Amino acid sequence: MLGKLIKYDLLSMSRILVLIHAFMLILAVPLRLLLSNISFDSDAANILFGLTFIVYTIMIIGVTFATSIVIAVRFYRNLFSDEGYLTQILPVTTGQHLLAKTISGFIWSFLDCFLVGLALYIGIVTRDLKDVIIENKADIYKALDLSPDVTFAKMILIFLGLCLIGCICNVITYYASIALGQLFSSHRVVGAVACYFGLTTIISILSFAVLSIAELRFGPLITADPSNDILTFNLWGYLGEVTRLSVLLSITFSILLYVITYLLMKRKLDLN
């Protein structure tokens, strides 16, 4: 039954999300052609590129935002609106409902991250840019304080791992906000939005504390030498500590929110 719930949720969300992500990927092609053939010698060309890049960036932000909205709305409508009356008569436990929604929401959230990355790769990473990166690889590594054993593949794996954790945490935060919003006697959607901003504010404060701890352990990310105006990056050690602390914080906070969401759905569910 859990598999059927996940499949149904994915199909429901995909009706909109497949279209907008396909549109985003298709529009990456003309951006790539523009970058590959444009000459930056004139002001008009620079303005054209700037406007195109700004519009495409806004579109990517819009697609990501739309994905989050679809995931959250699907959770709300299926469990807390009139549709919830039909959902509750299914031979499925509260835990299975929440787990199915979390898995399906995570899948589309991760797909969104992957497809946005793919769109940026298609649109921006031209052959000339690749050549510049390869030719200046040693200087880039030196400037960012990266050791030679930090390969591109390793950085991609780390990024994907962080995306996995981030997507799960985001989805759970959406669901916890909606569940907490149901505690309001009226204007529950507004209450859910208020709870979301409240939770993200708490996360931001805790994240700032993490950055402060990392800076105390490894010093600032960038230091400047006044004598020769040279900037020194402490990137790898700094980011390593930030990543470890952030992952621990995210997992702990997400487990707490997941438990709270489950308890609210189990004991405080009110569809009136």
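**Figure 1. Secondary structure of the protein.** Nine helices and two strands make up the secondary structure of this predicted model. Along the sequence, the elements follow the pattern α-α-α-α-α-α-α-α-β-β-α. The protein has 272 residues, and 32% of them count as buried. Of the contacts between residues at least 6 apart in sequence, 74% join residues at least 24 apart.

**Figure 2. The largest nonpolar core.** This core has 16 residues. Those with the most contacts inside the core are Met 13, Ile 71, Phe 75, Phe 80, Tyr 175, Ile 178 and Met 265. Helices H1 (2-37), H2 (43-80), H4 (94-124) and H7 (152-181) each supply at least two residues of the core. H2 gives the largest share, six residues.

Figure 3. Leaving aside residues up to four places away in sequence, Ile 178 touches Ala 72, Phe 75, Tyr 76, Phe 80 and Ala 192.

**Figure 4. Cysteines without a disulfide.** The count of disulfides in the model is zero. For Cys 167, the nearest cysteine sulfur is that of Cys 113, 3.6 Å away. A disulfide needs two cysteine sulfur atoms within 2.5 Å, and Cys 167 is in none. Cys 167 is buried, because its relative accessible area is 2% and the cut-off for buried is under 20%. Cys 169 is likewise in no disulfide; the nearest cysteine sulfur, that of Cys 167, lies 9.2 Å away. With a relative accessibility of 12%, Cys 169 also counts as buried.

**Figure 5. The second largest pocket and the residues closest to its centre.** The space in this pocket is about 840 Å³. The pocket is lined by 34 residues, of which Asn 170, Thr 173, Tyr 174, Ser 177 and Tyr 196 are the closest to its centre.

**Figure 6. Make-up of the lining of the second largest pocket.** Two or more lining residues come from each of H2, H7, helix H8 (188-218) and helix H9 (235-267). H8 provides the largest share of the lining, ten residues. Sorted by class, the lining has 22 nonpolar and twelve polar residues, and no charged ones.

Methods. Residues are numbered from 1 along each chain as its sequence is written. This is a predicted model: local features need pLDDT of at least 70, side-chain atom pairs count only at pLDDT 80 or more; totals for chains, interfaces and linings use all residues. Side-chain values use heavy atoms; hydrogens and water are left out. A nonpolar core is a set of buried Ala, Val, Leu, Ile, Met, Phe, Trp, Tyr and Cys residues joined through side-chain atoms within 4.5 Å. Buried means under 20% relative accessible area, exposed over 50%, partly exposed in between (1.4 Å probe, protein chains only). Helices (H or I, at least four residues) and strands (E, at least two) are DSSP runs, numbered from the N terminus. Contact means heavy atoms within 4.5 Å. On a 1 Å grid over the protein atoms alone, a cavity is a set of points where a 1.4 Å probe fits but cannot get out, and a pocket is an open set with protein on both sides within 12 Å along at least five of seven lines; lining residues have an atom within 4 Å of a point. Grid points are joined across faces, edges and corners, and a volume is the space filled by probe spheres set on the points. Ala, Val, Leu, Ile, Met, Phe, Trp, Tyr, Cys and Pro count as nonpolar, Asp, Glu, Lys and Arg as charged, and the others, Gly among them, as polar.
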